[in-house]
Amino acid sequence: MKCLNWRQFLNLPSFPAPGNSPPPVPPRLIFTVTTDLNYDQRMQRICGSLAAAGYDVLLVGREWAGSRPLTARPYRQHRLRCRCHRGKLFYLEFNLRLLLFLLARRATAWCAIDLDTALPVWLRARLGGQPFIYDAHELFTEVPEVVARPRVQRLWRRIENFIVPRAALAYTVGPALARLFEQRHGRPFAVVRNISRLTEQELPPAPAAAPAGGFILYQGALNAGRGLEELLAAMPQVNGRLVLCGEGDLSESLREQAGALGLLASGQVEFRGFVLPQELAELTRQATVGVNLLRNLGLSYYYSLANKFFDYLHAGVPQIVTDFPEYRALNEQYDVADLVADLAPATLAAALNRLLPGGNAARYHQLAANARRARPLLSWQHEEQQLLRIYKELTRTSF
């Protein structure tokens with residue numbers, strides 16, 4: 001009969017022999033969003049960079065009835081399917097499904113992207129005694145859909161006041177939003193700007209004038225406050241074609257507006273729907289002008305720094321941008337866009353026609369050349385170093 005040693009007798013774990021220790025387990029990070037993961041370029045960059053740095057990453061998002069199969073990524077992905085698709089019932093259902101999903105998972109740290117996934121993520125981190133991370137992609141309590149409903153806004157503000165002080169790490173997408181969060185909550189916010197990864201593809205020299213047959217490009221959600229109704233109203237006076245990539249709350253009404261103006265029948269406006277990131281990048285390089293228009297419907301939009309600004313810049317495409325603080329500061333330094341003070345259709349038509357064929361060729365060439373010069377200075381390759389620094393500091397102090 002084989003004798004048990006004292007460790008086996010007491011049912012204690014045995015230790016590996018010297019020189020045979022198992023490799024260290026990488027920190028496991030779980031991120032949560034309410035978006036379809038195929039189209040969330042910001043989270044693709046964040047999770048991809050952390051996975052490349054050795055973290056075990058899982059990104060949890062939302063699956064729509066018409067969602068395409070998940071695109072392969074260097075990190076794990078999971079999408080939750082809900083019966084409700086909008087409004088209070090959606091948020092309730094999604095948060096309950098998310099909590100049940102997270103309860104069956106283990107992680108080293110838990111990261112909520114914006115307030116709409118924060119409560120279940122905080123609760124799971126609390127139950128496990130692990131750090132909770134808050135990534136503010138926007139000032140959620142000040143987006144137009146929330147600002148327009150005071151009771152809803154008060155609820156989200158209570159959630160923000162509860163969540164933000166409890167985060168072991170908090171960061172956002174721009175300096176202006178970081179300062180605002182710090183003033184509200186008296187705690188530091190790091191900044192990781194939402195900038196595209198710069199590809200190695202070389203751009204040709206800036207054209208001397210806008211190319212004939214080009215088009216105006218809008219990429220992003222078709223939501224309130226994006227200047228899309230005003231842009232469509234301007235199009236009958238614009239000497240060019242508009243392509244919109246994305247969907248959102250205004251998808252149906254914008255198509256109706258474009259149809260009523262005769263823009264669909266004439267082919268002057270085209271709705272492409274959701275476009276995968278790699279396809280969108282190629283389409284952006286073909287555009288003549290990009291548009292990034294916002295109405296001041298809340299502080300989130302006023303202090304925004306949208307990814308599309310950098311997508312147009314990386315493609316060497318001049319753009320029309322609302323004159324808001326973050327864009328003004330970047331444009332004063334790099335001069336890659338024409339800023340508009342208002343979204344009146346006449347203002348937009350004049351700004352677009354200036355950069356389209358038959359407009360100011362010298363100004364078009366100047367903006368395109370400046371965008372090409374700015375490309376190497378504004379890229380995810382720089383921003384990811386900040387991302388990796390703050391996660392390394394968190395892991396060093398918390399784990």
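**Salt bridges, domains and a sheet**

Guide: In this predicted model, arginine 97 and glutamate 93 both lie in helix H3 (residues 87-103), where they are four residues apart, about one turn of the helix. The two form a salt bridge, with their closest N and O atoms 2.8 Å apart.

Visitor: Is glutamate 93 buried or exposed?
Guide: A residue counts as buried under 20% relative accessible area. Glutamate 93 has a relative accessible area of 13%, and therefore it falls in the class called buried.

Visitor: Which residue forms a salt bridge with aspartate 135?
Guide: Aspartate 135 belongs to strand S5 (residues 132-136), and its partner, 93 residues apart from it in the chain, belongs to helix H2 (residues 41-52). Both residues of the pair are buried. The closest N and O atoms are 2.6 Å apart, and the partner is arginine 42.

Visitor: Which residues are linked in a network of salt bridges with Glu142 and Arg157?
Guide: The side chains of glutamate 160 and arginine 184 meet in a salt bridge of 2.9 Å, N to O, which links helix H6 (residues 150-163) to helix H7 (residues 175-185). Glutamate 160 is buried at 2% relative accessibility, whereas arginine 184, at 33%, is partly exposed. The residues that join Glu142 and Arg157 in the network are Glu160 and Arg184.

Visitor: How many salt bridges does the rule find across the interface of domain 1 and domain 2?
Guide: The chain is divided into domain 1 (28-195 + 380-397) and domain 2 (215-375), and their contact takes 24 residues from domain 1 and 22 residues from domain 2. The area buried between them is about 2,000 Å², of which carbon and sulfur atoms give 59%. Although the structure holds 21 salt bridges, the number found across this interface is zero.

Visitor: Where is serine 196 found?
Guide: Serine 196 is buried, with a relative accessible area of 5%. Leaving aside neighbours within four places in sequence, its contacts include Arg45, Asn307 and Trp380. Serine 196 is found in the loop between strand S7 (190-191) and strand S8 (216-219).

Visitor: Which are the edge strands of the open sheet of six strands?
Guide: The order of this sheet is S10-S9-S8-S11-S12-S13, with parallel pairing. An edge strand pairs on one side only, and the two that do so are strand S10 (269-273) and strand S13 (337-340).

How values were computed. Residues are numbered from 1 along each chain as its sequence is written. This is a predicted model: local features need pLDDT of at least 70, side-chain atom pairs count only at pLDDT 80 or more; totals for chains, interfaces and linings use all residues. Side-chain values use heavy atoms; hydrogens and water are left out. Buried means under 20% relative accessible area, exposed over 50%, partly exposed in between (1.4 Å probe, protein chains only). Contact means heavy atoms within 4.5 Å. Two strands pair if DSSP finds at least two bridges between them. Domain bounds come from an automatic or database domain assignment. Buried area is the accessible area (1.4 Å probe) that two parts lose on being put together, summed over both. A salt bridge is a side-chain nitrogen of Lys or Arg within 4 Å of a carboxyl oxygen of Asp or Glu.
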